[in-house]
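Please keep the sequence and the coordinates at hand while reading.

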Amino acid sequence: MDILRFTTAGSVDDGKSTLTGRLLYDTGNIKSDILETISGDEGLNLAHVTDGLRAEREQKITIDVAYKYFSTSHRKFIITDAPGHFEYTRNLVTGASNVDVMIILIDAQNGITAQTRRHSMVASFLKLGKVVVAINKMDLSDYSQDVYERIKEEYLQIAAKLDLHNITFIPISALQGDNVITLSPKTPWYIGPALLELLETYKPPMHQYAGLRLCLQYRIDDNTFAGKILSGTLHSGDKILIHPSGQAATIGNIIHNYDNVEVAHAGDNISITLQEGIILKRGDIISHARDIPLTSDSFDADLCWMDSSSALDLQKTYILRINTAETECIVSDLKFKVDIDTLEKYSDKEPLTANQFARVGISMQKALAWDHTATLPENGRGILVDPVTNNTVGAFVILQA
Amino acid sequence: MNYLDILEAEAIYIFREVAGQFKRPVLLFSGGKDSTVLIHLALKAFYPAPLPFPVMHIDTGHNFPEALRFRNALVEKINAQLIVRKVEDTIREKNLPDPQGKFPSRNALQSYTLMDAIREFGFDACIGGGRRDEEKARAKERIFSFRDPSGAWQPHNQRPELWDLYNGRIREGENVRAFPISNWTELDIWQYIKREHIALPSIYFAHKRDCIVFQGRWVAVSEYVTPDINDEVVNTTVRYRTVGDMTCTAAIESQAQTVDDIIAEIEASPISERGATRIDDQISDAAMEDRKLKGYF
Ligand SMILES: Nc1nc2c(ncn2[C@@H]2O[C@H](COP(=O)(O)OP(=O)(O)O)[C@@H](O)[C@H]2O)c(=O)[nH]1
């Protein structure tokens, strides 16, 4: 049994919380004491399952990401319940950064809204592998195939603009449960899958890149260094290169849990020694000589600004992080912004502020080793940190050197 | 990958991030199942070296003796440095009112003791066993949860936390609470305990105990909880799902003798872990959130 992480996105009142509640309830994942707290005068309020903070219960909206856990006999699931409001887009980016699937809810009566485009933009920015467009409240639209097809057509145009692929459209009623757990007789024109069926069977693309990338985190003792294999396979005795310095070395021991192992794979957290006794540093990336990462001190990237108390300052030095590697940088060039409601590119004199997206050029104080997002997303993205407030102020995905 | 391997890998990665980013971390250890699993994961994360940080217990003075014995034995076995700071001392030093009543909970007072200890030792990161499935406020908290110098959590202004990039940069006096097992459920914990043969205090398993009933829950009679004349003391077979203070942790009726029994029991249980076992959170819908705003774990 493995784990699938997914998020629900949509405008306020599109039914995100109800859908989450429905999934938990219909799979028998709500315990009775929790049921008590969500039962009110008007019966069960499934939406209340996800409203964690007092302000959220009072304002009846979702502000920050909440996590919910449930399982079926096929899989364990982590639901990231992310906010829909514009001013909390950055929290949606946080929540969606770790998911395999984004479910975008559309209220069948309202159709596609600015939020739908914005959330799709987030999915595109994060290069998510799978988007499910759940057209909700079908019960209020007489389960009409026309309504469904019209929204689907319109959405496909957005998807084309955003370069989003692998989309599945599902007509649902979160409130009534249609097409959520099983296919509904009320939509005989829909051939499937039901939402849960899709979530149980979808296989996220994982560890596809064969080239070795070992990212170093921490020096355990004089000769032993801990790190995580992002991709590929490492054997003891392998000749390797250390980046960004390019220095050559030979792997001695590989330790995984309490064992010395001959070989370790993508996803493993290991420790290694080097035969030459070279000292490794946090932030180093190890590869084989035959497929090395790119090394540069500048690149173009898509940037999402996440700080609500400061705008992007093109004169200012930020701290840039990719995996565990850190360096100072400046964002030297703001090429264009993307209007997240219309998805059009534009330029103006205003600085980039919270929840906005832009194409930028970044210059670093020293070269780092990275990969193209298409090759190895885990080594092609990062964050910007304000050195004064220490806040995480931006997230970026690298495009090219 | 199997889900336990995924969760284990995530936790080990987080432990190493804490060690890689902070100067003076500490692991909060109570002798309960979650923090015992934390220790087990930390040992794996830093093998072959010993733990690169001490473990600390914020002792309310209302502990189960079994949990304290277990705590001491485990710390000795792994040769870790144990720091104990007592809520009792804080009460005396700060002249705070010691909660009275039938179930005198020092739970909220732990925040003061914790913050004092953080300042005393200059800890910049406290590693805790909090899980997001435990409680509504926890479900919203980041893995690296930034706290200001007073220890307060700012739920509406949390740092963005993308991918597995944990930002541990702080200024002097600030600290971070790190939660390596954020994404584990109660059942995951038990499945892992089973797979890794992790030992636990005996009170997690069914045993005979003198209890009284409070709001439909079994509470053990002890030197901290004295029955009223109206209470009927019953000797019954119970076990604990969580191990907190004797004054605010309820027992559940159970015959579960082994880890396998417990797993079967949780799978069949209609009630959540906190719902079954915590008396303190029954008081208000936002009890945990309020404690966290004041520097709680
Ligand atoms: N008729 C109908 N109402 C729904 C459906 N899904 C959600 N709702 C209602 O829409 C309102 C907003 O739902 P909620 O889940 O709180 O939306 P959120 O803001 O996206 O979390 C609530 O009154 C729900 O009962 C649905 O499928 N059909």
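B:Glu17 is buried, with a relative accessible area of 0%; buried means under 20% relative accessible area, exposed over 50%, and partly exposed in between (1.4 Å probe, protein chains only). This is a predicted model, in which local features need pLDDT of at least 70 and side-chain atom pairs count only at pLDDT 80 or more, while totals for chains, interfaces and linings use all residues. Residues are numbered from 1 along each chain as its sequence is written, chains are lettered from A and ligands numbered from 1 in the order in which they are written, and side-chain values use heavy atoms, with hydrogens and water left out.

## Salt bridges

B:Glu17 forms a salt bridge with A:Arg282, with 2.8 Å between the closest N and O atoms. A salt bridge is a side-chain nitrogen of Lys or Arg within 4 Å of a carboxyl oxygen of Asp or Glu. This pair crosses between chains, from helix α1 of chain B to the loop between β16 (269-274) and β17 (285-287) of chain A. Helices (H or I, at least four residues) and strands (E, at least two) are DSSP runs, numbered from the N terminus. A:Arg282 counts as partly exposed, at 26% relative accessibility.

Within chain B, a salt bridge links B:Lys44 and B:Glu196. B:Lys44 belongs to helix α2 (residues 33-46) and B:Glu196 to helix α6 (residues 186-196), so the pair ties together parts that are 152 residues apart in sequence. Both ends are buried: B:Lys44 has a relative accessible area of 6%, and B:Glu196 one of 17%. A further salt bridge of chain B joins B:Asp133 and B:Arg131. B:Asp133 is partly exposed at 32% relative accessibility, whereas B:Arg131 is buried at 0%. Salt bridges that share partners also connect B:Asp5, B:Glu8, B:Lys44, B:Arg195 and B:Glu196 in one network.

| Salt bridge | N to O distance |
|---|---|
| B:Glu17 and A:Arg282 | 2.8 Å |
| B:Lys44 and B:Glu196 | 2.8 Å |
| B:Asp133 and B:Arg131 | 2.5 Å |
| B:Asp164 and A:Lys228 | 3.2 Å |

Over all chains, a search of the whole structure finds 39 salt bridges.

## The interface of chains A and B

Six salt bridges are counted between chain A and chain B, and the side chains of B:Asp164 and A:Lys228 meet in a salt bridge. The contact (heavy atoms within 4.5 Å) takes 67 residues from chain A and 62 residues from chain B. The buried area, which is the accessible area (1.4 Å probe) that two parts lose on being put together, summed over both, is about 5,700 Å² between these chains, and carbon and sulfur atoms give 52% of it. Across the interface, 24 residue pairs are in polar contact, both residues being at pLDDT 80 or more. A polar contact is a pair of N or O atoms within 3.5 Å; within protein, one must be able to donate a hydrogen and the other to accept it, and residues adjacent in sequence count only if both atoms are side-chain atoms.

## Chain B

Chain B has nine helices and 10 strands, and buried residues make up 65% of its 297 residues. An open sheet of six strands in chain B has the order β3-β2-β1-β4-β6-β5, with mixed pairing; two strands pair if DSSP finds at least two bridges between them. At the edges stand β3 (82-86) and β5 (144-147) of chain B, each with a single partner strand, so one side of each is left without a neighbour in the sheet. Strand β1 (residues 25-28) and strand β4 (residues 125-127) of chain B run parallel and are joined by three bridges; the bridge partner of B:Val26 is B:Cys126 in β4(B).

## Chain A

Nine of the 11 residues of helix α1 (residues 16-26) of chain A are buried, so this helix is largely enclosed by the rest of the structure. Its buried residues pack against β1 (3-9), β4 (66-71), β5 (76-81), β6 (101-107) and α7 (195-201) of chain A. Just after α1(A), A:Gly28 takes a positive phi of about 70°.

Strand β24 (residues 392-400) of chain A is mostly covered, with seven of its nine residues buried. Strand β18 (residues 294-305) of chain A runs antiparallel to β24(A) and is joined to it by six bridges, while strand β23 (residues 381-385) of chain A, also antiparallel to β24(A), is joined by five. A:Gly394 in β24(A) is the bridge partner of A:Trp305, and A:Leu384 stands opposite A:Gly394. Six residues lie between the strands in the hairpin of β23(A) and β24(A), where A:Asn390 takes a positive phi near 65°.
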